[in-house]
Amino acid sequence: MTQKVAVLGTGKIGEALLSGMIRAGWAPTDLLVTARRPERAKELQERYGVTAVTNLEAAKSADTLILTVKPQDMGTLLDELAPHIPADRLVISGAAGIPTSFFEERLATGTPVVRVMTNTPALVDEAMSVISAGSHATEAHLAHAEEIFGAVGKTLRVPESQQDACTALSGSGPAYFFYLVEAMTDAGILLGLPRDKAHDLIVQSAIGAAVMLRDSGEHPVKLRENVTSPAGTTINAIRELENHGVRAALIAALEAARDRSRELASGNS
């Protein structure tokens, strides 16, 4: 791997990506990082052996630029970088809600842009990264993005028109599971369990259920039915979930997340 890759705005997700790439075989000498604070850049350089540079230096010397700054900061970053990015550079955006056209309008004509929505399980190499091509991105560009983000989990290609839905499902998805675990832990305490024991019971159940979903090939309805005995404990619990509209609330929540992603794309902060 001889291409130089720069991660700009290296926060938690950017650092997870950097660390995963090195474990996957990328040479630290081929990786550049930028950070808003000089002490943060120095910390990354010392921890991983990568090269800390300015945004302009990254734009001029890297073959691939991965932009991981916050969506509201992306316009300012592009204003700074655009005059210095040749049209043959691959630009990968990790900003929620911002379409590839936003970049293409500000960069040199023909610049390939790939949009990626990843999520926080990148921190443990279990990310779900959704990849979409801009109008000038080729199969080779998409494959390169998959190689990079495959270092921290799974990747999936979708048309860009589906990115807002994917943001709602997987980009924000871990937060929904954390919320559910929090609620179930509180329920365990109400039922008389110590918090630590309730937490351990729920987390291991969640891990086991996820592995079964991933590896069994069974539909989730089938797996749920396997646990649901006639007139048993599980069906009584599910009845209460349905009575309280949990399914409808989840659908409404995902629609709200999708709509917010669309608002970000239209420039509403």
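In which helix is the place of Glu-225? Glu-225 is placed in helix H10, within a predicted model in which local features need pLDDT of at least 70, side-chain atom pairs count only at pLDDT 80 or more, and totals for chains, interfaces and linings use all residues. Residues are numbered from 1 along each chain as its sequence is written, and side-chain values use heavy atoms, with hydrogens and water left out. The chain has twelve helices and eight strands; these are DSSP runs numbered from the N terminus, helices being H or I of at least four residues and strands E of at least two.

**Overall dimensions and surface**

- Taken along the principal axes, the C-alpha atoms of the chain fill a box of roughly 65 × 40 × 35 Å.
- Of the 269 residues in the chain, 38% are buried (under 20% relative accessible area, with exposed over 50% and partly exposed in between; 1.4 Å probe, protein chains only).
- The chain exposes about 14,900 Å², of which carbon and sulfur atoms supply 59%; accessible areas come from the Shrake-Rupley method with a 1.4 Å probe, and for residues only the protein chains shown count as cover.
- Contacts (heavy atoms within 4.5 Å) between residues at least 6 apart in sequence join residues at least 24 apart in 62% of cases.

**Annotated spans**

- An unreviewed UniProt entry places "domain: Pyrroline-5-carboxylate reductase catalytic N-terminal" at residues 4-97; such annotations are given in the numbering used here with shortened feature names, and may be inferred rather than shown by experiment.
- Residues 4-97 are 40% helix and 18% strand, and the end C-alpha atoms of the span lie 27 Å apart.
- The UniProt annotation "domain: Pyrroline-5-carboxylate reductase dimerisation", also from an unreviewed entry, covers residues 160-264.
- Residues 160-264 are 83% helix and 0% strand, with end C-alpha atoms 15 Å apart.

**Nonpolar cores**

- The largest nonpolar core has 27 residues, of which Met-21, Ile-66, Ile-92, Val-114 and Ile-148 touch the most other members; a core is a set of buried Ala, Val, Leu, Ile, Met, Phe, Trp, Tyr and Cys residues joined through side-chain atoms within 4.5 Å.
- Elements giving two or more residues to this core include strand E1 (5-8), helix H1 (12-23), strand E5 (90-93) and helix H6 (139-149).
- Beyond its neighbours within four places in sequence, Ile-148 is in contact with Val-5, Leu-17, Met-21, Trp-26, Thr-64, Ile-66 and Ile-92.
- Another core, of 23 residues, lies apart from it, and its members include Ala-58, Ala-62, Phe-102 and Leu-107.

**Packing of H7 and H8**

- Helix H7 (residues 163-171) packs with helix H8 (residues 173-190) at an angle of about 35°, their axes 5 Å apart; axes are lines fitted to C-alpha atoms, for helices over the stretch in contact, and angles run from 0 to 180 degrees between N-to-C directions.
- Ala-168, Leu-169, Ser-170 and Gly-171 of H7 meet Gly-173, Pro-174 and Tyr-176 of H8.

**Individual residues**

- Asp-125 is in the loop between E6 and E7, has a positive phi near 60°, and is partly exposed with a relative accessible area of 29%.
- Ala-231 lies in the loop between helix H10 (220-227) and helix H11 (233-243); its phi is likewise positive, near 60°, and its relative accessible area of 77% makes it exposed.
- Glu-225 is partly exposed, at 46% relative accessibility.
- Glu-225 and Ile-235 are ten residues apart in sequence, and their C-alpha atoms are 9.2 Å apart in space.
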